[in-house]
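The sequence and the model are shown first.

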Amino acid sequence: MRIAAALLGAVLLLPTAALAEQWDVRCPTDARGTVALTGSDGNWVATPQSSGPSGYSVEAIGGQPALVCHYQLFGADYRVWRRPPPEVPNCRAESWGFICSN
């Protein structure tokens, strides 16, 4: 009887587990920054910079969650963000990007 109850419990849990979905969301691999010069006589050169992601966070932007990718450009923290995917809106930051689930 106990085995039958355990099997029934496992079968009842299967549809719920099958509905759970998880996505890995990664940041752009490279962010590039350039400086536009005005009033230059043509002798000045602005050195572009680029950076791979240096950090990840989930923050409220406009009162809604946003996945924020941090980069280091021109000696400062530069952030690129997006909204969580609608299919998997519950996200958490990891050391490599984000894990999102429904």
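This is a predicted model: local features need pLDDT of at least 70, side-chain atom pairs count only at pLDDT 80 or more; totals for chains, interfaces and linings use all residues.

The protein has 102 residues, and 22% of them are buried. Its accessible surface comes to about 7400 Å², with 58% belonging to carbon and sulfur atoms. Of the contacts between residues at least 6 apart in sequence, 42% join residues at least 24 apart.

**The nonpolar core**

The largest nonpolar core consists of eleven residues: Val-25, Cys-27, Ala-31, Leu-67, Cys-69, Tyr-71, Leu-73, Val-88, Cys-91, Phe-98 and Cys-100. At least two residues of this core are supplied by each of strand E5 (64-73) and strand E8 (98-101). The largest share, four residues, comes from E5.

**The disulfides**

A disulfide is a covalent bond between the sulfur atoms of two cysteines. How many disulfides does the structure hold? There are two, and with bonded cysteines counted along the chain they follow the pattern 1-2, 3-4. The pairs are set out below.

| Disulfide | S to S distance | Torsion about the S-S bond | Handedness |
|---|---|---|---|
| Cys-27 and Cys-69 | 1.9 Å | -85 degrees | left-handed |
| Cys-91 and Cys-100 | 2.0 Å | about 115 degrees | right-handed |

What does the link of Cys-27 and Cys-69 tie together? Cys-27 lies in the loop between strand E1 (22-25) and strand E2 (31-33), whereas Cys-69 belongs to strand E5, so the bond connects parts that are 42 residues apart in sequence. Cys-27 has a relative accessible area of 11% and is therefore buried. Cys-69 is likewise counted as buried, because its relative accessibility is 6%.

In the second pair, Cys-91 and Cys-100 are both buried. The torsion of about 115 degrees about their S-S bond is the reason why this disulfide is right-handed. Cys-100 is in contact with Cys-91 and also with Glu-21, Gln-22, Trp-23, Val-25, Leu-67, Pro-85, Val-88 and Asn-90, leaving aside neighbours within four places in sequence. Among these partners of Cys-100 are Val-25, Leu-67 and Val-88, which are listed in the largest nonpolar core together with Cys-100.

Is Ser-51 buried or exposed? Ser-51 is buried, because its relative accessible area is 11% and the cut-off for a buried residue is under 20%. This serine is placed in strand E3 (residues 49-51). A polar atom of the Ser-51 side chain lies 3.2 Å from the backbone nitrogen of Gln-72. Not counting residues up to four places away in sequence, Ser-51 touches Thr-29, Asp-30 and Ala-31, as well as Tyr-71, Gln-72 and Leu-73. Ala-31, Tyr-71 and Leu-73 are among the residues of the largest nonpolar core.

His-70 is located in strand E5, and its relative accessibility of 10% is why it counts as buried. Which residue does the side chain of His-70 join through a polar contact of 3.1 Å? The partner is the side chain of Asp-77. Beyond residues up to four places away in sequence, His-70 touches Asp-77, Tyr-78 and Arg-79, together with Gly-52, Pro-53, Ser-54, Gly-55, Tyr-56, Ser-57 and Glu-59.

Notes
Residues are numbered from 1 along each chain as its sequence is written. Side-chain values use heavy atoms; hydrogens and water are left out. Buried means under 20% relative accessible area, exposed over 50%, partly exposed in between (1.4 Å probe, protein chains only). Contact means heavy atoms within 4.5 Å. Accessible areas come from the Shrake-Rupley method with a 1.4 Å probe; for residues, only the protein chains shown count as cover. A nonpolar core is a set of buried Ala, Val, Leu, Ile, Met, Phe, Trp, Tyr and Cys residues joined through side-chain atoms within 4.5 Å. A polar contact is a pair of N or O atoms within 3.5 Å; within protein, one must be able to donate a hydrogen and the other to accept it, and residues adjacent in sequence count only if both atoms are side-chain atoms. A disulfide is a pair of cysteine sulfur atoms within 2.5 Å.
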